[in-house]
Amino acid sequence: MPPWYRSGTVAVINGSPTVVGTGTLFTSQASAGDIFIGPDLAMYEITVVPDDTHLSIKTLGGVAGYNGATLSNQAYAVVRNFTSTTNAQLAGKLTVLLNNWQTSQDQFRTWLGGTVNGGPANDGKYPLTDALGNTYNVDCLAKIAAGKFAAGTAAGPSISTTGDTNTGLFFPAADVLAVATAGGERARFGTGGNFLVGLTADDGVNKFQLGGTMILGMTTDATNKSGYIASQQYSSTAEPEGFFVIGGYGYNGGNQVSIGGLSSGYNAASLITLYTAADAVTRTGTERARVTSTGNFLIGTTTETTGQERLQVMHGTALAGSFRSDTANTLRLWRYINTGSAAAGRLLFGALSGTNNQADYASINGIIEVNTDTAQNGSIAFNTATAGSVTEKARLLSNGNLLIGTSTDNTTTGAAKLQVTNGIYLGNSANAAANVLDWYEEGTYIATATGMTTSPTATFKYTRVGNVVTLDILSISGTSNATTYTVTGAPAQIRPAGPKIFSFRVTDNGVYSWGYGTMDNAGTISFYKDAAGSAFTNTGTKGNSSGSISFTLA
């Protein structure tokens with residue numbers, strides 16, 4: 001037995017005589033009367049050794065207690081004092097030493113001759129005991145030379161550490177290597193080299209199979225975060241860096257997902273394609289959309305038509321339309337046709353029917369009126385569904401006229417900005433017909449007088465609301481050369497179906513009087529100089545004063 005013992009560490013408390021050991025064998029390695037050298041490097045006398053991990057000490061002056069600072073996990077030394085050891089004690093210790101040595105020799109010889117499947121647990125491990133009495137199960141030479149281990153389990157891996165025997169590697173099946181932590185399988189390499197995390201059933205196809213959530217670049221500090229998935233490139237010079245596939249970027253104020261590019265550490269993608277298939281078992285699938293290197297988004301096509309439109313949509317083999325945002329931040333809907341009266345672009349509003357079928361309910365169409373470069377004209381048509389068919393109900397023309405119930409500009413109405421066919425409904429009467437305004441018009445016409453030496457004219461103004469006409473008659477006068485006096489020129493839309501009679505102030509031979517007038521279905525107004533319908537004098541001044549009359553067309 002060597003004179004010094006230093007195995008393990010000790011904890012001491014200022015003023016306390018008790019020394020607490022960790023990893024110590026005080027019972028066999030120390031005795032009362034031996035010298036204890038503490039962390040303070042002072043010498044103390046050992047007074048009591050109650051067990052392997054405790055000592056009692058006193059100072060060389062005989063005072064029980066430790067004089068140094070309170071410390072733990074500290075180095076120490078025990079200097080054995082053999083002067084007080086009796087022959088019997090010495091013989092006993094020598095016997096223990098020889099027995100321990102013989103046990104170690106027997107274990108060592110057994111270990112040297114061990115087999116791969118031998119040992120107490122038939123796993124090629126054999127016990128070996130060190131000089132301090134610690135016993136370890138150690139792989140024998142045959143197993144080490146063969147490099148083979150028992151299959152093991154998740155709870156007891158075949159390759160592990162002595163301090164954590166339920167964490168390590170094991171072999172759950174032929175050609176399968178698994179990783180266990182805390183007694184549970186966490187990952188494995190399958191027979192085809194596929195790597196499974198959180199799964200035990202290999203699909204036999206995919207090289208990486210994940211049974212849970214994957215977080216890239218996980219940290220817990222309050223800084224910007226990012227994680228990326230990249231792919232190799234075709235170019236050998238760029239392969240080591242690869243190109244960006246998808247990534248996430250978390251920052252103060254938001255979380256960002258990027259596809260095709262974000263990090264300066266990877267090349268960006270030059271094309272992004274989207275695929276789908278008609279069912280769940282079709283391989284490859286069909287490309288449905290793509291984002292090109294110019295930033296254009298194509299749907300239903302793989303070819304850019306002009307390279308300018310940001311959204312290009314194909315229907316079959318024809319370009320159905322495209323959107324473009326120009327420098328004025330205007331979103332444009334394009335259709336690649338130039339046929340007159342055709343729809344330049346269409347917005348269709350659809351929803352489900354009562355039986356959950358897709359149905360169209362309304363649309364807005366852009367209409368080509370004139371397709372001459374730099375002189376093009378266009379209209380907007382508003383369409384709604386009636387009895388299952390979407391048809392035009394109103395149109396805004398290039399000249400600003402709004403047509404309701406018709407698609408044809410009625411040029412006979414002149415510059416009418418609102419043109420309505422089949423009337424305007426006003427009010428809330430149960431008798432709808434009584435509230436239908438089927439005509440509204442304001443206008444003028446040149447009225448020409450007859451029965452005078454000249455044919456003087458005046459501009460008459462009229463208003464027609466439904467079947468009611470209000471006519472503003474201006475003053476006309478001249479030298480009479482006949483006994484009759486008429487005014488012509490009324491347009492057809494204000495001519496009554498039958499004669500309309502009204503009182504009016506007239507002049508005959510320079511004398512004013514109250515006469516009357518009539519308008520017939522030809523729009524001719526005939527004036528008479530008095531209520532009896534007397535004729536005018538064919539000399540002197542005659543004419544009519546200004547005034548307003550109202551009548552119905554019926």
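Predicted model: local features only at pLDDT ≥ 70, side-chain atom pairs only at ≥ 80, totals over all residues.
Start with a group of rings: Tyr485, Phe502, Phe504, Phe527 and Phe536 come together as one aromatic cluster.

Tyr516 and Tyr528 are stacked, with 5.0 Å from centre to centre and 25 degrees between their planes. Why does this pair count as stacked? The angle of 25 degrees falls in the stacked class because planes under 30 degrees apart are given that name. The two partners come from distant parts of the chain: Tyr516 belongs to strand E40, which covers residues 511–519, while Tyr528 belongs to strand E41, which covers residues 525–528. Twelve residues separate them.

Are these two tyrosines buried or exposed? Tyr516 has a relative accessibility of 19%, so it counts as buried, since the cut-off for that word is under 20%. Tyr528, with a relative accessible area of 27%, is partly exposed instead.

Find Trp439 and you will see Arg464 lying over its face, 3.8 Å from the ring centre.

Eight strands form an open sheet with antiparallel pairing, and their order is E1-E8-E4-E5-E6-E3-E2-E7. Which strands stand at the edges? They are E1 (4–5) and E7 (71–74); each has a single partner strand, so one side of each has no neighbour in the sheet.

Strand E4 (residues 35–37) and strand E8 (residues 77–79) run antiparallel and are joined by three bridges. Here Ile35 stands opposite Val79 in E8.

Finally, step back to the whole protein chain. How many helices and strands does it have? There are three helices and 43 strands. The chain holds 554 residues, and 27% of them count as buried. Its accessible surface comes to about 32,800 Å², with 56% of that belonging to carbon and sulfur atoms. As for contacts with a separation of 6 or more, 36% are between residues 24 or more positions apart.

Conventions: Residues numbered from 1 in each chain as written. Heavy atoms only, no water. Phe/Tyr/Trp six-rings, centres within 6.5 Å; stacked < 30°, edge-to-face > 60°. Helix = DSSP H or I, 4+ residues; strand = E, 2+ residues; numbered from the N terminus. Buried < 20%, exposed > 50% of the residue type's maximum accessible area, 1.4 Å probe, protein only. Lys NZ or Arg CZ within 6 Å of the ring centre and 35° of its normal. Contact = heavy atoms within 4.5 Å. Areas by Shrake-Rupley, 256 points an atom, 1.4 Å probe, with all protein chains shown as cover. Pairing = 2+ DSSP bridges.
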